[in-house]
Structures are given as structure tokens and as C-alpha cells.
Amino acid sequence: MDKDVRMRFGLGLRKPHYQDFLTSDVPVDFVEVISENFMVPGGRPRDVLRRVRERHPVALHGVSMSLGSADGVDVDYLRRLKALVDEVQPFIVSDHLCWTRTGGFNAHDLLPLPYTDEALGIVCDNIGRAQDILRRPLVVENPSSYLSFDDADMTEWAFIRAMCDRSGCDLLLDVNNVYVSATNHGFHVADYIEGVPMERVRQIHLAGHMQGKELLIDTHDHPVADPVWTLLSLIAGDLDDVAVMIERDDNIPPLNELLAELDHARSLCSYGAPIWA
Amino acid sequence: MGLRALQEDFRAWLVSEDEGSVQRLPLGDRRGLPVYQNNYRGQLLGCLEESYPQTQAWIGSEAFRAIAARHIDACRRCVWTAQGTNMRKGFSRQRRWRQSFPDDPEVVELAALELALGEAFIAEDAEPLTQEDLRSFDWDHAEIRLVPSAAFLSFHTNAEDIWCALDSEGACPQPVMTAQADTIVVWRQDFVCCFQRLEADEAALLPALSIGLSFAVMCERLVGQLGVSEGIERAGALLARWTQAGLLRRPGRDA
């Protein structure tokens, strides 16, 4: 199989576009859905997902696995996710390198981890438990962050390389997050890209951000910014068997605008028209 | 600093902006703290606004946000699920509504209705009993059960009429108190959430169908109230009405 065939280009499935995806042949190779939105007993969410799945391969993307929790992963959550995985048969199951939960408290946000040896051990243990229950490799996304910790033992990219090596997980590289965090923390994106294991990248997220008072904020409410496109073009030659997608969560435009952005991603990756069914 | 201690201090700062907690965090640069604080509160407020749109429309955004902020502050140790389910449920049941709107009982009933509609929207699927099924109904032994989405509310006001007017952006009726509490059933037919005010004899029977009730027992109860002829006629009418509304589930492997 040549390299062209192994690239896929897709979109995040969002409510304003449900009807488009249910009633027309949207030219994408896959859709990504937020797992938690569909981890419900029944009703329209599950029906929409079943019908979309009949038309497209699906990636499940979670926001609540809390792989960085010192308390460990929530087994009940993972069992419910496993039930969804069994039904949907996604080609990717992903979540974030962060923590969202401590004790019974859920922050509903992707909170930053200190990149310490202790945190690395906890994250790898949690990934291991998740992979055991899900019975598949997990794909873990690099976060955008607005804080760093003084007692870090390593850089984020060294942490990610060690995490992939030790746990066997793969990587969802959010190119916008790399740019946002590099700008906020003052590191070079080139160091990051050279540091992470590109051979473990299974998915790429492209999204927009906004300038906050002092920091860049990963808002997903704007088109993909030029520096992020530039970064994608720089790494495109290193990508193989990767699913590339536009992630838009707010100020959601008509579908055609997102498809135009996806076409731009295709052209930057120089892979031409999609051929995945 | 160990990870568990860091996460506990971060949590304490998020929920209460406790300065002592944030001082213990080994932060080199604190500029990003407000981003996480805003995200935390914004996510929870967004969850409540999405869950209670007509309640917000009825009391106004300013009053809604004030009461939501107090709820978020009060729930510092709440166990909140990923979908915020417990927080949403707690919001509609709090005494705070009655304290904030002592002369507006329709407000708490609007919130209760919106919570019930949200729960019905994602409730377990079930195949409904159809008119066709009734033709082969075992009238002596068949057990009648409600669909899993069915839930009951007790209303002292016309909150459901207010909800309908708000939802259709029509003219809202004045809130009216009823002499006695009426029962409202909320359920999902196919993918559409519905609600209906019940007549007194329906309200006495329908909740019992949550755990199943044989048609024979249902007839007995109505015959006891109305006499043989009228009781049996009423039982048949109610069964037809509930079936047409999609309130009953087809007996099967899950029944």
C-alpha cells in the first residue's frame, strides 16, 4: 500500500452539521466524535452516531479519561467507554495527556500535569489500565497549556516520548496545541517536533486559537491560523498512516467552510483526493 | 510536591480561589491561572444554561447566572460526572430556587420540567407497544409497562404552558396556581420529548406502570371506582390513549 492510501482527512462531528452527515455524502474519510456525548443510555445521540457510522469510519475522542489522575483511572467510565467502542468499532480511541478528576471532583477541563518522573509513572500505569479494559492501544493527545511547573524533570516532548515508549500508546498530535503551548511557554516548535516520536503519530488535530490578554488560548472557535498551517506543512513529510482533521467547537461555520479548510490540509500534505470509503 | 497533593491544591484553588492552595503549587509563572479558573466556571455555567434554556428565558440571564454561580460555589465537594449530570440534577432541586423566588412557584417547576425533558432525551431506548400489538393482547395476563423515559412531576402551577410559550417564542401566559397538585408525565416518543398533564384517575394508575401492572388489575381498580361497565370502558380508553402516545413498551426480553 503506498503512502497516499494511508492518509485520511476528516472532521469533528458537531450538532449543526448532523443533518449534513445524515442526509448527504459529505466528502470526508472519517468523522471524530466526543465519546462522552454518546456515552448515554439511548435517544437521538446514539441514533445519530449509529447512522453516521453506517456512512463513515469513526474516531472516538474523549475528554474525561483523566490519564494524569493520581487517583487512577475510573474503571466504571472505562467500562462504559468499552461498551461504546464495541458498538461503534472506531478506528481510533483517544484522550488527552492531562488530568480532569481528583477524588470525586471533576473539573470539566483539561488540567496541566507536571512533567515529573512520578507523573510519568502514574500516566503510564493509567494508560496501561485503560488499554487493558479497552483491549486496544490508546491514542493520547498533547495538551495546550497555560501553566508550567517548576519541579518538572523533563520537557513535554521528552515526557511524551517516554510515555509512548513505556506504555505502548500512540500519539494524537494537535498541531495547534504545539503552537499555543510553544508561544505561551517560550519553547521552539522545532524542538518539540524533533522530540516527539513522529512514528507514533496516528492522528493530527488542526484548530484555531485566540489571543488572550497575555497568552494564546486554545478556543477552537476560529479557522486554523497560518502558523499552524506552516507547522503542518513542515511535518507532513514525516506522517504515515495518519488521520488528519479540523477540530471546531465554537462559532461553528457552515460545513463548506470546514471542508475548504480540510482541502487545504490535503493540499499541504500533498495527498490529493481522498480514496477511503 | 507529589502529584496527589498538587491535584488536591489545584482543585481547592479552582473551586474556591483559595490563595493558600495556589501558593503551595510549584508554579514558575502564574499568568495562566485565570484561564483555568474561567474555563472551570464557564464549563459549568454553560452546562446549566444548555440544560435550562427556558428557565433562564423566564427569569432572565442575570438572575439565572447569579443563582447558577451560587450553585457552583455551593457544590465544591459534589461528585460531578463527566456530563455534569449530578450538578444539573442538583440545580433543579435546590432550595435556593424557593428562597430566591418565594412568590414565583412556577420557576422551580419550570426547572424541574427542563431537567425531566433532558433526562428523557437520553433515556434508554425501548420498543413501544403499538395498536397492532393490542390485537393480539393477552388481556387476562399481559403486564403493561411504561417506556424507560417516562417520569412524573407534581405541579402546582401552569409551568408547562409557560414552557410551551417560551419554546415557541409565543406570548407567555400569566403564572397560575392550581388548587391542588396535578401530575405531569414526561416521556420520549421516538426521538421527541413530550409531556402531558394527567387526569386524576390516570395519575393514580400510570406511575404504577413503572414496575408493571397487569391489565386485569388495572380494570379492577377502575371498576372499583366507576362500576363494571364504565370501569372497563375507561380501562380500554386509557390503554388506547397511552399506546397511541408511545407511553407503553412492548413486552419482550427486557420487560
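Select strands β1 and β2 (residues 30-34) of chain A: the two pair in the parallel sense over three bridges. Strands here are DSSP E runs of at least two residues, helices are H or I runs of at least four, and both are numbered from the N terminus; two strands pair if DSSP finds at least two bridges between them. The model is predicted, and local features need pLDDT of at least 70, side-chain atom pairs count only at pLDDT 80 or more, and totals for chains, interfaces and linings use all residues. Residues are numbered from 1 along each chain as its sequence is written, while chains are lettered from A and ligands numbered from 1 in the order in which they are written.

Within this pair, A:Gly10 stands opposite A:Phe30 in β2(A).

Next, select strand β12 (residues 243-246) of chain A, which runs parallel to β1(A) and is joined to it by four bridges. Here A:Leu11 stands opposite A:Ile246.

Stay on β1(A), residues 8-12: five of its five residues are buried, so the strand is largely enclosed by the rest of the structure. A residue is buried if 20 or more other C-beta atoms lie within 10 Å of its own, exposed if 12 or fewer, and partly exposed in between, with C-beta atoms placed from the backbone.

Move to helix α4 (residues 75-88) of chain A. Its 14 residues reach 20 Å from first C-alpha to last, close to the 20 Å expected at 1.5 Å a residue (1.5 Å times one less than the number of residues). Colour A:Tyr77, A:Leu78, A:Leu81, A:Leu84 and A:Val88, which are buried. These residues cover an arc of only 120° around the axis, which puts them on the same side of α4(A); the arc is that of the directions from the helix axis to the C-beta atoms. On the other side, A:Val75, A:Asp76, A:Arg79, A:Ala83 and A:Asp86 are exposed. Just after the helix, A:Gln89 takes a positive phi of about 50°.

Finally, show chain B. Of its residues, 36 are in contact with 34 residues of chain A (C-beta atoms, placed from the backbone, within 7 Å). The largest share of this side of chain B, eight residues, comes from α1(B).

Methods. Two residues are in contact if their C-beta atoms, placed from the backbone, lie within 7 Å.
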